[in-house]
Amino acid sequence: IPPVLAVIGRPNVGKSTLVNRIIGRREAVVEDTPGVTRDRVSYSAQWLGRPFTIVDTGGWEHDAKGIHASVAEQAEIAADVADAILFVVDSHVGATATDEAVVKMLRRKGKPVFLVANKVDDFNQEAEAAVLWGLGFGQPWPVSALHGRGTADLLDAVMEKL
Ligand code: GDP
Ligand code: MG
């Protein structure tokens, strides 16, 4: 059975865009308005010839419980089934209270977590990503899921832990 990489984070940070980038296809639904992805959708992927399963999350985005509780809850479910986690943050927005709650939960899991600073579309935006060191999760990986910037380095690092 291939190892599982889960992609979690708040709505609209670019999770589905990143999943499409990683699988090399456009199967994960990207929407300017959040709420389209079903709860969890798995895709087969590979990197450097090694197969893995990548799980997109996000269909709970209109949950009555509110975004904060839903993000934390769904992140926890995904984290439990995953061998490693991509925790995606929008570097233009920075870390929110919801992100902080996810960080606390992820620490308890003790699984490998990669903090992905998405939407770093060019070099000038790297500073925004660096601020995310403040989440206390180690090195933020600056990527642009939209343009593919930084995703190869990220995947190289992920494969060492998957
Ligand atoms: P999700 O809700 O986390 O799955 O986010 P989506 O993948 O649906 O993306 C939400 C919005 O962010 C869409 O309009 C995307 O085109 C945009 N987006 C995603 N990745 C990037 C990126 O790297 N740079 C920029 N500028 N926009 C992005
Ligand atoms: Mg999505």
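In the predicted model, Val-81 lies in helix α2, which comprises residues 67–81. Val-81 is classed as exposed because 12 other C-beta atoms lie within 10 Å, and a residue with 12 or fewer such neighbours meets that criterion. Beyond its neighbours within four places in sequence, Val-81 is in contact with Val-4 and Ala-6.

The protein chain contains five helices and six strands. Along the sequence these elements are arranged in the pattern β-α-β-β-α-β-α-β-α-β-α. Of the 162 residues in the protein chain, 41% are buried.

The largest nonpolar core has 40 residues, of which Ile-85, Phe-87, Phe-114 and Val-116 touch the most other members. Two or more residues of this core come from each of β1 (4–8), α1, β3 (50–57), α2, β4 (84–90), α3, β5 (113–118) and α5 (151–161). Strand β4 supplies the largest share, six residues. For Phe-114, the contacts beyond four places in sequence are with Ile-85, Leu-86, Phe-87, Trp-141, Leu-154, Ala-157 and Val-158. In soluble globular proteins, nonpolar side chains tend to be buried together.

Helix α1 spans residues 15–23 and is mostly covered, with eight of its nine residues buried. The buried residues are Lys-15, Ser-16, Thr-17, Leu-18, Val-19, Asn-20, Arg-21 and Ile-22. Their cover includes β1, β2, β3, β4, β5 and α5. Helix α1 is followed by Gly-24, which has a positive phi near 75°.

Helix α1 also gives the most to the shell around ligand 1, contributing three residues. That shell consists of 20 residues, with Gly-14, Lys-15, Ser-16, Thr-17 and Leu-146 coming nearest to the ligand. By class, the shell around ligand 1 is made up of six nonpolar, nine polar and five charged residues.

The loop between β4 and α3 contains Ala-95. Ala-95 counts as buried because it has 21 C-beta neighbours inside 10 Å, where 20 or more are required. Leaving out residues up to four places away in sequence, Ala-95 touches Val-89, Glu-100, Leu-132, Gly-134 and Leu-135. Ala-95 and Gly-136 are 41 residues apart along the chain, and their C-alpha atoms are separated by 11 Å.

Helix α3 (residues 97–109) has 13 residues and, at 1.5 Å a residue, should span 18 Å; the distance between its end C-alpha atoms is 19 Å, which agrees. Within α3, the residues Asp-99, Val-102 and Leu-106 are buried. These residues cover an arc of only 60° around the axis and therefore lie on the same side of α3. An α-helix has 3.6 residues a turn, so residues three or four places apart point the same way. The other side of α3 carries the exposed residues Ala-97, Glu-100, Lys-104, Arg-107 and Arg-108. Gly-110 follows α3 and has a positive phi, near 65°.

In helix α5, the buried residues are Thr-151, Leu-154, Leu-155 and Val-158. Because the arc they cover around the axis is only 95°, they fall on the same side of α5. Ala-152, Asp-153, Asp-156 and Glu-160 are exposed on the face turned away from this buried side. The buried residues of α5 pack against β1, α1, β2 (40–47), β4, β5 and β6 (140–142). Two of the buried α5 residues, Leu-154 and Val-158, are also among the contacts of Phe-114.

Key
Residues numbered from 1 in each chain as written. Chains lettered and ligands numbered in written order. Predicted model: local features only at pLDDT ≥ 70, side-chain atom pairs only at ≥ 80, totals over all residues. Near = placed C-beta within 6 Å. Helix = DSSP H or I, 4+ residues; strand = E, 2+ residues; numbered from the N terminus. Nonpolar A, V, L, I, M, F, W, Y, C, P; charged D, E, K, R; others polar. Contact = placed C-beta atoms within 7 Å. Expected span 1.5 Å × (residues − 1). Arc of directions from axis to C-beta. Core = buried A, V, L, I, M, F, W, Y, C linked by C-beta atoms within 7 Å.
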